[in-house]
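Have the picture open while you read.

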Amino acid sequence: MTVQQILFFYFATVIVLLSLGAVTMRNSVYSVLMVLAMFFHMAGIYLTLNAEFLAAVQVVVYAGAVLVLYLFVVFLVNLKQEARITRFVKHPALGGVMAGALFLMLLFAFGSFSLGPQGAWPVAAIEEATFTRALAMELFTRYLLPFEVVGLILLIAVVGGIVLAKREESQEGAGRETAGSSITRGEA
Amino acid sequence: MALVVHMLILVGVVLLHVAYATYFERKVIGHMQVRMGPTRVGPLGLLQPIADGIKLFFKEDVIPGCADRTLFYAAPIICLVAAMANLAVLPFASGLVLAKINIGLLFVFAMSSLASYGVVLAGWASNSKFSFLGGLRSMSQVISYEIALGLSLVGVMMMAGSLDLSEIVAAQQQSRFGIYAIPQFLGFFVFVVAMLAETNRAPFDLPEAESELVAGYFTEYSGIRFSLFFMAEYIGMLVMASIATICFLGGWSGPFAVPHVPFFWFAAKIYGIMFFYFWLRATLPRYRYDQLMSLGWKVLIPLALLNIVVTGFVKTIF
């Protein structure tokens with residue numbers, strides 16, 4: 001096994017364990033921290049793939065911004081104990097069967113995996129141009145239109161979020177500038 | 001092996017710097033408030049930081065009864081590790097850098113966003129009102145300034161065409177003014193404001209706000225754990241001052257070369273910025289946290305975006 005493979009198996013195993021931890025932890029703050037550690041390991045996988053820009057952005061955006069908001073919500077709701085919800089389905093076995101079937105389906109799908117054709121950027125080319133430059137060149141030349149479309153969709157989501165938050169505020173009346181309202185707007 | 005020695009030297013130098021930054025701060029603020037600052041321990045009070053260090057080391061380590069122990073232990077370590085990891089990518093002089101990576105700037109962002117978790121978790125794990133409020137404030141602070149901090153540096157990235165800190169300095173030396181602070185004055189302004197919020201320094205020291213929250217997130221910490229937070233804060237200041245120096249003030253280049261001390265200008269610029277930190281602390285009152293939020297979202301982010309657009313236009317035309 002090469003160093004890369006060892007690293008991959010380490011990251012993959014830890015990601016699976018941490019994800020399991022995130023959904024099984026009793027304390028929601030610990031769950032968020034499990035996800036935080038998982039994001040760092042995902043960044044590690046990106047690093048082994050020469051995608052250092054993606055790794056850094058993964059940490060900056062997901063660990064730095066998104067998870068802080070999650071943590072904020074967890075704190076605001078302040079769950080002293082775990083939330084208890086009554087089962088949607090009576091028999092736990094039913095869920096198990098469904099999950100098992102999905103897992104089997106994925107296992108079978110594995111067989112049809114095949115390596116795609118060689119792209120314009122083999123590893124050597126990326127290492128020479130650095131990943132950041134390669135990504136930017138692809139994004140802003142060949143994939144400019146999809147890039148702009150994604151940007152527009154995100155903009156619509158942001159505007160929509162602001163409109164929704166504004167409406168709630170005017171229903172509350174007074175239209176005061178409270179800290180809470182500006183946070184929700186930030187989140188949007 | 002050489003790498004380990006380099007690391008030890010770097011950590012030693014930085015810790016010494018941290019110790020004497022506190023002395024520098026107390027002297028500067030003392031004189032600004034027409035006091036003497038520390039004078040008793042050693043000549044001119046020069047041994048004061050050492051005495052403080054020894055005192056903190058031997059103090060009783062108190063842990064509140066209902067604290068979440070695991071996170072209470074982990075929080076100061078997260079802060080310190082995140083602050084110290086940044087030191088590895090900072091170029092102090094040409095070639096004088098522990099790890100030259102081509103995303104140095106993003107690495108610093110990533111690590112500084114990790115540092116805020118230490119603060120937030122310390123606030124939560126202490127199980128105390130003051131700490132918790134400090135932690136919450138820190139979170140609201142993070143979402144107010146971090147975007148502006150990132151955007152303020154985009155102009156620099158565009159002008160330098162690189163995320164590698166050494167290359168940013170090299171590109172700066174080739175540029176017309178020699179420093180990016182002149183063409184990027186808008187970005188520099190936004191960066192400086194966001195830098196103060198990032199390091200939790202006055203006027204944005206809301207998470208610790210000693211007049212309202214006792215000591216904010218580290219109210220319940222004592223002894224060595226308290227000093228870990230202290231070190232993390234000062235290393236954070238050093239790192240942010242270094243980023244300002246590297247990205248806007250020309251890094252290690254200066255008006256003339258100083259023989260045998262390649263990092264002379266770098267150190268001089270950093271100490272200038274540290275003085276600026278202390279000066280602000282002695283001068284400005286604290287912001288309210290909703291004021292910081294509206295400052296971040298309504299002033300800093302639009303300014304940073306404007307800067308990016310203008311930089312883009314200028315770069316395309318010339």
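A helix here is a DSSP run of H or I with at least four residues, numbered from the N terminus. What you see is a predicted model, where local features need pLDDT of at least 70, side-chain atom pairs count only at pLDDT 80 or more, and totals for chains, interfaces and linings use all residues. Residues are numbered from 1 along each chain as its sequence is written, chains are lettered from A and ligands numbered from 1 in the order in which they are written, and side-chain values use heavy atoms, with hydrogens and water left out.

**Helix H11 of chain B**

H11(B) runs over residues 289-317 and has 29 residues. From first C-alpha to last it reaches 41 Å, close to the expected 42 Å; the expected span is 1.5 Å times one less than the number of residues. Still, H11(B) bends by about 35° at Gly296(B), the bend being the angle between axes fitted to the seven residues ending there and the seven starting there.

Gly296(B) is also one of the buried residues of H11(B), as are Leu300(B) and Ala304(B). Buried means under 20% relative accessible area, exposed over 50%, and partly exposed in between, with a 1.4 Å probe and protein chains only.

**Salt bridges**

Eight salt bridges turn up over all chains. Each is a side-chain nitrogen of Lys or Arg within 4 Å of a carboxyl oxygen of Asp or Glu. Here are three of them:

| Pair | N to O distance |
|---|---|
| Arg201(B) and Glu25(B) | 2.6 Å |
| Arg225(B) and Asp61(B) | 3.0 Å |
| Arg286(B) and Asp205(B) | 2.9 Å |

Which parts of the chain does the pair Arg286(B) and Asp205(B) tie together? Arg286(B) lies in the loop between H10 and H11 of chain B and Asp205(B) in the loop between H7 and H8, so the pair ties together parts that are 81 residues apart in sequence. Arg286(B) is partly exposed at 23% relative accessible area, whereas Asp205(B) is buried at 10%.

Salt bridges that share partners also join Glu25(B), Arg201(B), Glu233(B) and Arg281(B) into one network. Within it, Arg201(B) is buried, with a relative accessible area of 3%, and Glu25(B) counts as buried at 3% as well.

Notes
Helix = DSSP H or I, 4+ residues; strand = E, 2+ residues; numbered from the N terminus.
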